[in-house]
Amino acid sequence: MKNRLVLAGALGLATLVVALLLLRQTALLASIPGLAQVESAAEARRGGQDTPVLRVAGRPVTVADLDEMERWTVANLDWMRDALTNTTDEGQRALLERHIALIEAYGAPTVALAALIRDRALEAAAEREGLWPDEATVRARVERDRALAATSGDARLAAYIRTFGEQAYWNDWYPRVAAREIALERLYEAHTGHLSDLQQRQALWLETERSIVQEAGIEVVENERLPASVDSALRYLDEYWKLSEDSLSS
């Protein structure tokens, strides 16, 4: 949990497919691949524009969101490439190679847009289903994670705290991250919690994600500010879901 504090909230899961498998490994490295991109992502978030570029199910995706996510996508590629050179597990190698190739084929701007479309669609679904946490629940999560962060040596988390300033990070920024994370945890549990088998839960969740995203209305607000086309982002998501399904069945 310590090493997920920034990562889970800042990176959309569409780009984080295999990164969560690698966090324990990369957190132990003296020099973390992609750290410069994480620092850049934190700066893009803190100083970025909150101008909406598009809305997904009514929820805005801003210029700052896109800038931050693009940098996280590049960092994620760095982690996966590094892991690829260090793993001897053929199954993991094949998974890494396929995800790296997919992200490289579409490019970081498209993948970042896709991740945010997915995230906003799921956030809207969680809110519609009454799963958004109240302030007391969010506050408890923030307090828990702040205590964990005090014992974490993760340079990525440190980069965000340093960029925002400790008080601004924990009081202003992280509560929004924590609220989204709790809401998506609840959404996952609501749709898959009746299953005991993890692989079955993951397969059902992929189907649920696809359905929620495909049904979400997408309104482009400032087309000239989009880093990629919505159509290409949706194509990326289709291929991501197919690849993830293949990974579960292999």
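This is a predicted model: local features need pLDDT of at least 70, side-chain atom pairs count only at pLDDT 80 or more; totals for chains, interfaces and linings use all residues.
Leaving aside residues up to four places away in sequence, Arg-120 touches Val-56, Arg-59, Pro-60, Val-61 and Asp-65. Is Arg-120 buried or exposed? With a relative accessible area of 8%, Arg-120 falls under the 20% cut-off, so it counts as buried.

Gly-58 sits 62 residues away from Arg-120 in sequence, yet their C-alpha atoms are 8.6 Å apart in space. Val-213 is 93 residues from Arg-120 along the chain, and here the C-alpha separation is 8.7 Å.

Stepping back for a moment, what does the whole protein consist of? It has eleven helices and three strands. Read from the N terminus on, the elements go α-α-α-β-β-α-α-α-α-α-α-α-β-α. The protein is 250 residues in length, and 49% of them count as buried. Its accessible surface comes to about 11,600 Å², with 47% of that belonging to carbon and sulfur atoms. Among contacts with a separation of 6 or more, 78% are accounted for by residues 24 or more positions apart. The pairs of Arg-120 with Gly-58 and with Val-213 are examples of residues set well apart along the chain, at 62 and 93 positions.

Back to Gly-58, then. This glycine is found in the loop between strands S1 and S2. Gly-58 has a relative accessible area of 54%, which is over the 50% cut-off, so it is exposed. Ala-57 lies in that loop as well, between S1 (52–56) and S2 (59–62). What is there to note about the backbone of Ala-57? Its phi is near 55°, a positive value in a residue other than glycine. Ala-57 is partly exposed, at a relative accessible area of 30%.

Helix packing comes next, starting with H3 and H4. Two packed helices are described by the angle between their axes and the distance between the axes. Helix H3 (residues 35–47) packs on H4 at an angle of about 170°, and their axes are 8 Å apart. An angle over 145 degrees counts as roughly antiparallel, so that is how H3 stands to H4. On the H3 side, the residues that meet H4 are Gln-37, Val-38, Ser-40, Ala-41, Ala-44 and Arg-45. On the H4 side, they are Ala-64, Asp-65, Asp-67, Glu-68, Arg-71, Trp-72, Val-74, Ala-75, Asp-78 and Trp-79. Sorted by class, this contact has eight nonpolar, two polar and six charged residues.

H4 brings Thr-73, Asn-76, Leu-77, Met-80, Arg-81, Ala-83 and Leu-84 to the contact, while H5 brings Arg-93, Leu-96, Glu-97, His-99, Ile-100, Ile-103 and Glu-104. Seven of the residues in this contact are nonpolar, three are polar and four are charged.

H9 passes H10 in a right-handed crossing. From H9, Leu-187, Tyr-188, Glu-189, His-191 and Thr-192 meet Leu-198, Arg-201, Gln-202, Leu-204, Trp-205, Thr-208 and Ile-212 of H10. The classes here are six nonpolar, four polar and two charged residues.

H10 also holds Glu-209. This glutamate is buried, with a relative accessible area of 1%. Not counting residues up to four places away in sequence, Glu-209 touches Arg-118, Leu-122, Tyr-240 and Trp-241. Its C-alpha atom is 9.9 Å from that of Ala-125, a residue 84 positions away in sequence.

Technical notes: Residues are numbered from 1 along each chain as its sequence is written. Side-chain values use heavy atoms; hydrogens and water are left out. Contact means heavy atoms within 4.5 Å. Helices (H or I, at least four residues) and strands (E, at least two) are DSSP runs, numbered from the N terminus. Ala, Val, Leu, Ile, Met, Phe, Trp, Tyr, Cys and Pro count as nonpolar, Asp, Glu, Lys and Arg as charged, and the others, Gly among them, as polar. Buried means under 20% relative accessible area, exposed over 50%, partly exposed in between (1.4 Å probe, protein chains only). Accessible areas come from the Shrake-Rupley method with a 1.4 Å probe; for residues, only the protein chains shown count as cover. Axes are lines fitted to C-alpha atoms, for helices over the stretch in contact, and angles run from 0 to 180 degrees between N-to-C directions. Angles under 35 degrees count as roughly parallel, over 145 as roughly antiparallel, 65 to 115 as roughly perpendicular and the rest as oblique. A crossing is left-handed if the near helix is turned anticlockwise from the far one by less than a right angle, and right-handed if clockwise.
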